[in-house]
Each structure stands twice: as C-alpha cells, then as structure tokens.
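Notes follow in the order I checked things.

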Amino acid sequence: MKIAIVGSGYVGLVTGACFSEVGIDVVCVDVDKKKIDNLKNGIIPIYEPGLEEMISRNMNKNRLNFSTSLAEAITDSEVIFISVGTPPDEDGSADLKHVLAVARECGEHMEDYKLIVTKSTVPVGTSIKVKNAIQEELEKRNSDIDFDVASNPEFLKEGAAIEDFLKPDRIVIGTESKRSEKLLNRLYKPFTLNGHPVIFMDIISAEMTKYAANSMLATKISFINDIANLCEIVGADINNVRKGIGSDSRIGKKFIYPGIGYGGSCFPKDVQALIKTADENDYDLKVLKAVEAVNKSQKSILFDKINTHFEGNLKGKTIAIWGLSFKPQTDDMREAPSLEIINKLLSAGAKVKAYDPVALDEAKHHFGDAIDYYTDQYEALLEADCLAVLTEWSEFRVPNFKMIKRLLNTPIIFDGRNIYDKDEMEALDYYYHCIGINTKAKTNEIRLAV
Ligand SMILES: NC(=O)c1ccc[n+]([C@@H]2O[C@H](COP(=O)([O-])OP(=O)(O)OC[C@H]3O[C@@H](n4cnc5c(N)ncnc54)[C@H](O)[C@@H]3O)[C@@H](O)[C@H]2O)c1
C-alpha cells in the first residue's frame, strides 16, 4: 500500500519512517523545499534518537521518499495523513490554516478513492471542516469521487518517539465508515501484533481524546508543582511527598516530578486550545485555567530563586546554564522554560553561559549573540557566579562536583529539576536550591531577609 505523510516535522518524519520500516511505501511531503532537499541528502532537521538511521535504512530500500509535490503524492497514495503544524492562533485556538490547505489540495488533485487522516492535533469538529473543504473542491470540479476522513491523533513523546510509535500504549482512531476502519486496521496491524490496542471510536471523540490526554498530563505537572511550592513554605520535602502519593496505584509514579513548568510544542498550546473550545461552547473549564496559571508562574520560579539569592542585584553576575531544550533527548525549545528564565536573566543585566548536548544550534535562533554557547558542560562554568540546571539530561545527573566547585566563583547550584540530593549537596558545602524542598540555602535566604 502507498501512503503520503503531509508535513515532515517531528510527527510526520517519525510516522513516515516507522510505516516504511514495516514495509509500507511512504512519501513524506513538505512545503519547506530546503527541508526536503536536506532530507533527500540524508540531513535530518531534528534530533530524535534512532530517526536518522531508520530514515537512511528505508531510503536505501526505496520505501521512503521525500517530495514537495503534494499533487503527485495525492495521486499516488491511497491514504493521506495530515501531520502539519497547528500552532496557537492569537486567541489561543488552534490555527487550522495548514490542515485545511492540505485538505483543499486533496480535493483539487484526487482522481480516485482516498482516505484522508488527520494526525495533527486539532480541535473537536475539525474533521468535519476537512471533509467540507475536500467536498467544496470536488464540487468546483463537478466531481463526485468517493473519499473518507478519519482522525488518528498522535501520542508520541519527543525523545522516545520511535519507540512510542513502534510500541504504542494505544492507537486511537476515529472513523465514520467500515472501509476506512479496515484500511487503518491494515496499516497499523504491524504495530499491534504484540497486544498494543487499537481503539476505534467516532471522530469527535478521537479528536477530544488527544486534548483530554495532554490536558490530564499537564494537570499532573501543575498539581505537583503547586504542592511543591507549598511544601517549601511549610517545610515538607516534595520528594518524600511525591514517593508517598506515587505509590498509590490510583495516582501512579509518572508525571508527578516537580520542576520549572511544562513546555514543548504540545502541552501549552493544547491546554490553551481546549480552554478556547470550552469558552466557545459557553463552558468554563476551571481546572485547566488553573493548570495554565500555575504553569505560567512556575516557569519563572527558578529566576525568582536566583534573583532572591543575589538580593535582587543580578547586574554583572554570570549565570551558567546546563540544559536548554524543554526536556531531555530532544533539541526542541518551543515554549521551553529556559527561554523565559534566560530572557529574565538578560533583562536583569546578568550574563549567561549556556551548555546543552544537542540544542545549541536551536538556541542560537532564539538568543543570537546575547548569550555565550559552550560545547563542554564544564567550560560553561568558568568564572560563573552559579550554575542553574534547566533540563534533566542524563549527563548532568552525576557530575564532578569537586570540579564544579573549582570552576564556579561561588558554589551555588539552582536545580530546576531536583536531580541532586539535598543532603549530599549540603555535605559538599554547596548553596543548593531546588523545587519544593526547604534547603539550607533557602534557610540562609530567610535569615538574610530577616
Ligand atoms: N511534536 C510532538 O511531540 C507532537 C506529538 C503529538 C502530536 N503533535 C501534533 O502534530 C502536529 C505536527 O507537529 P510537529 O511537532 O510535527 O510540527 P512541526 O512544526 O515539527 O512540523 C510541521 C511541518 O508541516 C509543514 N507544513 C506546513 N504546512 C504544510 C502544507 N500545507 N503542506 C505540507 N507541509 C506543510 C511544515 O513546513 C513543517 O515541516 C501538530 O498538530 C502537533 O500538535 C506533535
């Protein structure tokens, strides 16, 4: 079977590579000519573990191709997946212009039956808009070619995307015909042989499932961050509290790690979009509004700690940063807490020396020459007044603390991801600040303030 994946970003490339890996003939399409030229030459635009090798393996077998011609891809493929971006509009709702542009082109170019599947995260009701857009184009051509639309939201995690696609917790598919259900069942069969379930449902429920899933995960993060902040005030230790609640199987251990707020290309925009959908339907989504508000303030909590430690005088101070991507194993910096923290440090007159294992090039698009970039994590520390850890990359977990102390002007660590042990840091004579734990450094600050 031949399929087209339209939009060759994080989702499109992983989807295309994984379908071709199981023997399906795939063409990945994008409007970005430079991206497609690079892909044809084996240059992958994103960092995603295992992706480069998988793409090259399947290109060599001629099962995976890249093109800028959507018209050709539509003609040649039976199933067309739409995986273009759905960035937030000015009012927070998802901007559907790319999705609907692809739908219209499908209507313009199809010559026989097509199944058009929306994989992009889109608000409830979008598949109806996709269907109408295709129908309108067909009517312009006086054509009554049969087609189906379906919704197949994607749940992969950046950094573990290949593993998630090959061995999904579940595949959610919204359809309105037996024909499309059969086609998608056939396509996904290789990924479900080990018992990973396909959950078929109506299209509106499938669209809603994606938003509800991301909103639930965002809620867990904001909840634990809110509790962490209270722990710090009352003298409780969030790490103990987290273990205490996570051992309850109804709550679970995952997604209850405190930190500096959620970022990335999905949670912030999807929470915003669901709130907007509710508003449009005269429903007040109170929980999610609070989730968003907590996240907004959490993103500046580490800056506040740094600022308080230096008694509000950051002018001329040098801050070393470890970690720029919104989470480990990706170079994605969309909505990353590092953006907010670094911009605040720069506005306060501080100098920033930054290290990240893979996101330095991406960071240069955001900060240009406003900060200094290092390809060695220890070099970034030289003559800095403190270290702030913003992403929990594995290589930061057991660093050489003696060397860190030698390189920094003063032994101060702001741990935005709680990856170090408070007692160990205090035994090593560091001023140690983290999230949701009342450290000695914090006690010193309180004394200073008094
Ligand atoms: N990134 C994730 O982790 C993730 C996970 C699940 C779902 N999603 C959703 O999947 C969708 C895509 O996300 P992404 O992160 O892959 O986006 P992305 O920005 O990385 O990629 C989108 C691609 O679509 C291309 N494009 C835009 N308009 C086009 C058109 N008319 N024809 C062809 N190509 C076009 C862009 O050039 C870009 O390369 C979004 O709706 C997102 O919310 C993303």
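**Ground rules.** This is a predicted model, so I keep to its limits: local features need pLDDT of at least 70, side-chain atom pairs count only at pLDDT 80 or more, and totals for chains, interfaces and linings use all residues. Residues are numbered from 1 along each chain as its sequence is written, and side-chain values use heavy atoms, with hydrogens and water left out.

I started with Glu-158, where a polar side-chain atom sits 2.8 Å from a nitrogen atom of the ligand. Thr-86 has a polar side-chain atom 2.5 Å from a ligand oxygen. For Ser-265 I noted 3.4 Å between an N or O atom of its side chain and a nitrogen atom of the ligand. A polar contact here is a pair of N or O atoms within 3.5 Å; within protein, one must be able to donate a hydrogen and the other to accept it, and residues adjacent in sequence count only if both atoms are side-chain atoms.

**Ligand, burial.** I looked up the cover next: the ligand alone exposes 840 Å², and the protein buries 88% of that. These areas come from the Shrake-Rupley method with a 1.4 Å probe; for residues, only the protein chains shown count as cover.

**Ligand, shell.** Which elements give two or more residues to the shell around the ligand? They are α1 (10–21) and α5 (97–109); helices (H or I, at least four residues) and strands (E, at least two) are DSSP runs numbered from the N terminus. I also checked the domains, whose bounds come from an automatic or database assignment. Domain 1 (2–201) and domain 2 (215–433) both give residues to the shell, so the ligand lies between them.

**Helix α15.** In α15 (residues 360–367) I found Leu-360, Ala-363 and Phe-367 buried. They cover an arc of only 50 degrees around the axis, which puts them on the same side of α15; the arc is taken over directions from the helix axis to the C-beta atoms. Asp-361 and His-365, on the other side, are exposed. Buried means under 20% relative accessible area, exposed over 50%, partly exposed in between (1.4 Å probe, protein chains only).

**Positive phi.** Gln-329 is not a glycine, yet its phi is positive, about 70 degrees. I placed Gln-329 in the loop between β9 (318–322) and α14 (337–347), and at 30% relative accessibility it counts as partly exposed. Asp-429 also has a positive phi, near 65 degrees. Its loop runs between α17 (422–427) and β14 (431–433), and Asp-429 is exposed, at 56% relative accessible area.
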